Amino acid sequence: MNLSERDIQYNWHPYTQHKTAQTHIAIAKGEGALLWDENGKEYIDAIASWWVNPYGHSNKFIADAIYKQLTTLEHVLFGGFTHEPAVQVAEKLIPMLPDNQKKLFYSDNGSTAVEIAIKVALQFFYNKDEKRTKIIAFENAFHGDTFAAMAASGISFFTEAFRGSLIEVVRIPVPTQGNEQASYDALEALAKTGEFAGFIFEPLVQGAAGMVMYDAAELDKLMAICKKHQVFTIADEVMTGFGKTGKNFACDYLTEQPDMMCLSKALTGGTIPMAITTFTQELFDGFYDDDVNKALFHGHTFTANPTGCAAALASMQLLEAEEMQQNIKRINRQHLEFQQKIQNHARVTTTRVLGVIFALEIKTGEAESYYGNFRNKLYNFFIGKGVILRPVGNIVYVLPPYIISDAQLEKIYQTVEEALEEC
Ligand SMILES: *Cc1c(COP(=O)(O)O)cnc(C)c1O
């Protein structure tokens with residue numbers, strides 16, 4: 001039996017209907033922007049393995065930092081204890097964030113980072129005996145798959161089965177072109193009721209919705225409305241964080257500052273699962289009391305795992321390096337050139353670019369579902385050509401590792417162009 005066959009005897013894969021799923025490709029090795037399967041076939045990882053891997057697969061610098069940490073202190077509980085890597089990550093990260101961010105809480109993945117932000121928003125008001133129990137989120141948002149994160153997510157077939165068990169979330173339109181006023185009006189109407197504890201959003205780019213983009217100025221207006229009505233703003237930068245938008249964080253494009261930020265994915269360069277939620281002093285102080293019951297009773301066994309922290313520290317060092325910053329600019333320039341070239345193609349409806357993110361919508365004549373036939377045809381076409389791209393319906397996006405070479409990026413563009421002719 002080959003690896004793919006051994007795999008399906010036991011493994012249950014994410015977002016997968018196993019009855020109709022194709023063979024899972026067994027990857028044996030990764031280096032830089034490349035992956036090789038068990039038969040030696042080469043793939044370009046054009047989506048940085050679900051957006052986690054900006055610095056390349058099997059990165060030696062991060063691996064060395066992890067090894068050193070593993071052989072010094074691999075793990076210690078974070079309840080009642082602390083350690084150098086957890087403090088160093090905080091000391092490095094906090095100055096990179098909007099300057100109202102003062103405290104951070106470690107967890108394991110993007111969903112838990114969101115879960116913690118939502119719990120903090122709700123309990124902040126509970127601690128003050130104020131009844132604010134609902135959350136505001138965007139249409140078609142994605143914030144993760146645990147219960148509060150799922151409740152905030154608006155991609156309905158992900159969450160339909162659990163509808164009765166979710167916290168109350170009310171959705172507003174995304175302020176994309178033409179929808180700005182509807183978005184402000186909807187938010188204002190909700191925020192002024194005094195029933196909402198927080199507004200959670202993916203700043204500037206909704207990743208899982210298909211890299212849907214909207215302007216910083218619009219988000220600033222929405223955040224100002226929240227501020228006016230004391231609704232906490234939660235910037236879910238799990239996807240956008242650490243350079244994807246061309247700045248370290250999407251929030252760096254804003255004038256307003258969020259009350260909380262959720263970080264994961266690229267935090268550890270795709271090595272060790274870890275997440276961080278950050279907070280203003282005001283939020284932290286809402287739990288700071290002689291009464292033990294006002295504490296945040298949340299934690300995970302691996303909270304602030306030292307090895308994960310060492311990986312995060314090494315990753316942030318790589319991000320800051322001049323060479324990496326140049327890579328981000330280079331990819332952005334190439335995306336813009338490709339956009340120029342392709343945007344008038346007869347089969348292209350729209351294109352959009354921000355930072356290292358490029359997205360293009362293909363004209364198909366009919367509404368395309370998330371995992372529909374056309375999407376599968378595109379996916380298989382790309383895989384056949386040795387390029388890993390996972391279209392969302394009829395939207396093809398590219399979000400490569402920052403260390404991708406010009407030639408590899410060119411091959412991705414070429415393959416997308418071929419798909420427009422052949423699919
Ligand atoms: C991926 C993602 C999450 C969930 O992160 P997981 O690590 O998969 O739990 C949350 N928010 C956004 C914006 C994401 O892109």
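**A tour of aromatic pairs and a pocket**

The structure, a predicted model, holds 16 aromatic pairs.

**First stop: Tyr55 and Tyr402**

Select Tyr55 and Tyr402 and display their side chains. The ring centres are 6.1 Å apart and the planes meet at 85°, so this pair is edge-to-face. The two residues come from distant parts of the chain, being 347 residues apart. Tyr55 belongs to the loop between helix 2 (48-51) and helix 3 (60-70), while Tyr402 belongs to the loop between strand 16 (395-398) and helix 14 (406-422). Both tyrosines are buried.

**Second stop: Phe138 and Tyr214**

Select Phe138 and Tyr214 next. Their rings form an aromatic pair that is edge-to-face, with 5.4 Å from centre to centre and 70° between the planes.

Together with Phe138 and Tyr214, they form one aromatic cluster.

Select Lys247 and Tyr253. Lys247 lies over the face of Tyr253, at 4.9 Å from the ring centre. Then move to Lys103 and Phe284: here the charged end of the lysine sits over the phenylalanine ring, 4.5 Å from its centre. Keep Phe284 selected, as this residue returns at the last stop.

**Last stop: the second largest pocket**

Which residues lie nearest the centre of the second largest pocket? They are Leu104, Phe105, Phe284, Leu296 and His298, from a lining of 24 residues. The volume of this pocket is about 550 Å³.

To see where the lining comes from, select helix 4 (84-93), strand 4 (101-107) and helix 10 (281-285), each of which supplies at least two lining residues. Strand 4 gives the most, with 4 residues. Finally, colour the lining by residue class: 16 residues are nonpolar, 7 are polar and 1 is charged.

Terms used
Residues are numbered from 1 along each chain as its sequence is written. This is a predicted model: local features need pLDDT of at least 70, side-chain atom pairs count only at pLDDT 80 or more; totals for chains, interfaces and linings use all residues. Side-chain values use heavy atoms; hydrogens and water are left out. On a 1 Å grid over the protein atoms alone, a cavity is a set of points where a 1.4 Å probe fits but cannot get out, and a pocket is an open set with protein on both sides within 12 Å along at least five of seven lines; lining residues have an atom within 4 Å of a point. Grid points are joined across faces, edges and corners, and a volume is the space filled by probe spheres set on the points. Ala, Val, Leu, Ile, Met, Phe, Trp, Tyr, Cys and Pro count as nonpolar, Asp, Glu, Lys and Arg as charged, and the others, Gly among them, as polar. Rings of Phe, Tyr and Trp (its six-membered ring) pair if their centres lie within 6.5 Å; planes under 30 degrees apart count as stacked, over 60 as edge-to-face and the rest as tilted. Buried means under 20% relative accessible area, exposed over 50%, partly exposed in between (1.4 Å probe, protein chains only). A charge sits over a ring if NZ of Lys or CZ of Arg is within 6 Å of the ring centre and within 35 degrees of the ring normal.
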